[in-house]
Amino acid sequence: MTIPDTWEPLTDLDPILTIAQDLFTTMVDGEPGHLYPWMGEEPTLDDARYTWVDVSGPVVTRVMLMAGRETGEHLTRALLAMGEDESVNDADFADAVGELANVVGGNVKSLVTNPGTLTLPVVTHEAPDMAGGTKLIETYFGWKGAPLGVALWALA
Amino acid sequence: MTLTADTFDFVATLVRQKSAIQLERGKEYLVESRLAPLARSAGAVDVDAFVRGVRGDITKHDLVVEALTTNETSWFRDINPFTVLRTTVVPDMVGKGRRELKIWSAACSSGQEAYSIAMIIADNFPGIRTQITATDLAENMLAKGRSGEYSQLEINRGLPAPMLVKHFERTGPTFRINQQIRNSVTFRKNNLLDQPPMGGPFDIVFLRNVLIYFDVATKRDVLKRVRGAMAPDGYLFLGAAETTIGVDEAWERIQVGNSSVYKPREGK
Amino acid sequence: MKALVIDDSRVMRKIVGGILVDAGFEVVEAENGQDALDRMAEHDDIGLCCIDWNMPIMTGFEFVVEVRKHAEWRDVTLMMVTTEGEQDQIVRALAAGAHEYVIKPFTPEVILDKLQFLGLVEIEETV
């Protein structure tokens with residue numbers, strides 16, 4: 001793919017860390033310190049789910065969250081104030097994890113060159129096909145001991 | 001979970017030595033809630049364990065003191081004082097012929113109070129010049145205030161959207177207050193127990209949510225120094241839970257709506 | 001006072017709605033701008049709308065524009081609550097008739113500060 005000269009890809013990790021940590025501090029945990037950069041090797045996700053939004057513009061920026069199903073269920077329970085034992089249905093899962101992707105995506109949108117619009121979140125079992133795209137950032141966090149990934153892609 | 005007396009005493013002593021702020025017994029909850037995030041980030045099991053680790057590591061002491069002494073700051077915090085400023089205090093000063101107001105924002109933290117004062121005067125009294133002196137003990141807070149740059153989360157706290165679009169510009173992840181407002185505020189390091197800062201005599205002083213940390217003798221001492229740095233017809237704003245009554249009788253309390261503001265008594 | 005919380009995410013409606021209920025509001029929910037216009041027509045005593053921007057069917061921005069065409073709704077306070085935080089977006093929303101703008105993520109205090117400033121909840125001074 002070709003990236004126009006006027007478009008600066010967002011490759012700086014710091015603002016992504018801040019966005020994710022602010023989001024968890026304010027809306028998931030209610031206090032700071034629970035979401036931290038993942039140390040060590042790149043983790044594997046159990047029964048992974050991919051949740052993403054796209055920011056249109058001269059180049060489409062895809063903002064994607066990656067988490068195991070169980071971690072996503074923990075997140076859903078936290079956001080919907082559900083009990084530890086309550087089962088999480090697919091609609092609530094998609095709503096909760098989708099809203100996290102929406103907030104990260106919207107915050108990223110403020111940082112990219114000439115942003116257009118933000119798409120509504122999509123959740124899938126398989127990683128979406130991003131052939132021809134360029135990975136700008138992929139980073140992992142720990143939350144309640146489990147890994148949680150955030151990736152940014154520039155799509156052709 | 002409660003702190004051990006040992007942990008509390010260590011933290012209280014450290015804070016008193018570095019900032020003159022008194023953490024009396026009964027403020028354990030404050031120590032616990034302010035240090036819990038630091039403890040989690042450091043991987044300690046609880047605040048007691050974190051403080052045990054910090055005792056021998058003086059490089060961490062400033063971090064602990066800052067966590068205990070830095071007030072959470074929002075724009076137009078509590079609103080009432082700013083309403084009183086706009087409807088009563090500034091009109092009174094302007095009515096007496098003042099065209100320039102010298103204002104002190106004490107214990108200013110990262111500057112939101114000082115800039116809130118600057119914006120409200122700029123928006124409502126366009127002909128009046130303001131020189132605001134903002135003081136704090138913490139260098140990192142002063143540096144942040146000087147930069148005039150705030151994160152999205154900080155901007156969210158209490159800043160009305162019309163003022164955001166009028167006085168700020170977004171650059172990447174931060175919002176920066178414009179130069180005109182920045183130029184009206186000077187940040188200086190100052191300890192309230194030392195001499196008052198340059199920039200006076202002050203027509204208006206904001207000393208909010210600071211006295212609560214001090215014992216009565218220290219409160220009296222601070223109020224006396226503040227009075228000495230003020231214009232005789234000046235106004236003092238305190239926090240909602242603070243008063244001069246029963247501490248220092250050299251002040252007159254004036255009730256404005258649900259709020260109070262204080263003036264030095266004549267001859268005192 | 002009744003408040004209308006407009007967001008396509010149930011999670012977000014629950015969070016914003018919970019803050020408003022705690023502040024003494026009676027809360028009505030809508031899933032998009034069109035749904036919100038229907039709720040506005042149903043309830044004639046809505047005084048505050050908290051509005052997401054990006055929603056299917058009708059966006060929050062389109063909703064604000066539509067509400068401002070109706071004289072009978074001119075006293076309704078409109079507050080955007082959205083993840084879109086570019087300065088241009090904020091300027092556009094205010095120009096279209098929104099009174100306030102909250103950028104996600106936020107804490108309950110953020111919403112309460114704004115409502116205090118708008119005179120919709122009583123001011124509680126903090127220590």
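Predicted model: local features only at pLDDT ≥ 70, side-chain atom pairs only at ≥ 80, totals over all residues.
Residues are numbered from 1 along each chain as its sequence is written, while chains are lettered from A and ligands numbered from 1 in the order in which they are written.

**Chain C**

Along the principal axes, the C-alpha atoms of chain C fill a box of roughly 45 × 35 × 30 Å. Its five helices and five strands follow the pattern β-α-β-α-β-α-β-α-β-α along the sequence. Helices (H or I, at least four residues) and strands (E, at least two) are DSSP runs, numbered from the N terminus. Of the 127 residues, 50% are buried, meaning that 20 or more other C-beta atoms lie within 10 Å of the residue's own; exposed stands for 12 or fewer, and partly exposed for counts in between, with C-beta atoms placed from the backbone.

Met58(C) lies in the loop between strand S3 (46-51) and helix H3 (60-67) of chain C. Met58(C) counts as partly exposed because it has 18 C-beta neighbours inside 10 Å. Beyond its neighbours within four places in sequence, Met58(C) is in contact (C-beta atoms, placed from the backbone, within 7 Å) with Asn32(C), Gly33(C), Gln34(C) and Phe63(C).

|---|---|---|
| Chain A with chain B | eight residues from chain A | six residues from chain B |
| Chain C with chain B | 20 residues from chain C | 22 residues from chain B |

On the side of chain C that touches chain B, helix H4 (87-96), strand S5 (100-103) and helix H5 (108-117) each supply at least two residues. The largest share, five residues, comes from H5(C).

**A sheet in chain B**

Three strands of chain B form an open antiparallel sheet in the order S3-S5-S4; strands pair if DSSP finds at least two bridges between them. Strand S3 (149-151) and strand S4 (168-171) stand at the edges with a single partner strand each, so one side of each is left without a neighbour in the sheet. Three bridges join S3(B) to strand S5 (residues 174-177) of chain B. Tyr150(B) has Phe175(B) in S5(B) as its bridge partner.

How values were computed. Contact = placed C-beta atoms within 7 Å.
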